[in-house]
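User: Hi! I am new to this structure and would like to learn how to read its features. Could you walk me through them?

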Amino acid sequence: MPFRIEEKILIQDNNTVYLKEFLSLKSAKVLFESRYVQSLYFDNSTLDMFNDSEEGILPRKKIRIRFYPNQNSDFNLETKISSVEGRFKSSKKINKNEFNHLIKYGIFDTRYGACKAKIYVRYFRKYFLIKKTRLTYDSNIQYINSFGKLIGKEINSILEIKTPISEDIDELLSNFPFQRSRFSKYCNGINMMISND
């Protein structure tokens with residue numbers, strides 16, 4: 001899997017008009033039909049993946065199972081790795097039985113050890129393409145604990161920009177009306193869960 005660049009931009013809900021203007025200016029195309037996405041994140045007992053992400057340690061990873069609640073589709077077991085070279089993601093399709101097995105018994109990772117299900121993140125995603133660059137716009141972001149209880153919601157939305165490492169992201173973001181920012185749905189959800197305890 002080739003490395004790629006990922007940038008995240010926080011979009012306040014009252015500023016979405018500027019995002020629409022930017023997408024129009026860049027002749028963005030709709031890549032896929034919009035849909036709800038849900039991810040179940042795993043971590044070890046001391047939340048080392050969460051802590052590594054919060055501290056910006058490289059290399060680091062996140063392990064999750066992603067699925068689409070309103071569609072009859074398989075589940076995707078994904079590992080996202082961040083390193084000095086960039087980021088890449090590996091993905092493996094699993095079925096419902098395998099999904100239930102991983103919820104019950106967890107996942108063993110060579111770096112982080114035994115990892116259990118920690119938190120679900122659910123959101124509504126729109127997909128766009130500008131030349132070779134993919135953009136996803138996530139709204140109505142919700143955090144749900146592993147027992148199915150709603151923990152909290154984001155008041156803002158997130159634009160993610162994903163492009164091959166060979167592309168010039170600065171050129172793409174010329175005339176872009178928003179600031180880039182570090183943002184992790186997983187970390188925000190865990191922070192909400194900790195603050196609610």
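**Helix packing**

Analyst: Gladly! Helix α2 (residues 48–55) packs against helix α5 (residues 185–196) at an angle of about 115 degrees, and their axes are 10 Å apart. This is a predicted model, in which local features need pLDDT of at least 70, side-chain atom pairs count only at pLDDT 80 or more, and totals for chains, interfaces and linings use all residues. Residues are numbered from 1 along each chain as its sequence is written, and side-chain values use heavy atoms, leaving out hydrogens and water.

User: How are two packed helices described, and what are the terms behind it?

Analyst: Two packed helices are described by the angle between their axes and the distance between the axes. Axes are lines fitted to C-alpha atoms, for helices over the stretch in contact, and angles run from 0 to 180 degrees between N-to-C directions. Helices (H or I, at least four residues) and strands (E, at least two) are DSSP runs, numbered from the N terminus. Here α2 and α5 are therefore roughly perpendicular to each other (65 to 115 degrees; under 35 is roughly parallel, over 145 roughly antiparallel, and the rest oblique).

User: Which residues of α2 and α5 meet?

Analyst: From α2 come Phe 50, Ser 53 and Glu 54, and from α5 Tyr 186, Cys 187, Ile 190, Asn 191 and Ile 194. Contact means heavy atoms within 4.5 Å.

**Backbone features**

User: What should I look for in the backbone?

Analyst: Most residues other than glycine have a negative phi, and most peptide bonds are trans. In this model, a cis peptide bond joins Leu 58 and Pro 59, with omega about -5 degrees. Pro 59 sits in the loop between α2 and β4 (60–67). Ser 27, in the loop between α1 (16–25) and β2 (29–30), has a positive phi, near 55 degrees. Leu 47 has a positive phi near 55 degrees too, and its place is the loop between β3 (35–43) and α2.

User: Is Ser 27 buried or exposed? And Leu 47, buried or exposed?

Analyst: Ser 27 counts as exposed because its relative accessibility is 53%, whereas Leu 47, at 18%, counts as buried. Buried means under 20% relative accessible area, exposed over 50%, and partly exposed in between (1.4 Å probe, protein chains only).

**One proline in its loop**

User: Where does Pro 177 lie, and which residues does Pro 177 touch?

Analyst: Pro 177 lies in the loop between α4 (169–172) and β12 (180–181). With a relative accessible area of 41%, Pro 177 is partly exposed. Not counting residues up to four places away in sequence, Pro 177 touches Tyr 18 and Phe 22.
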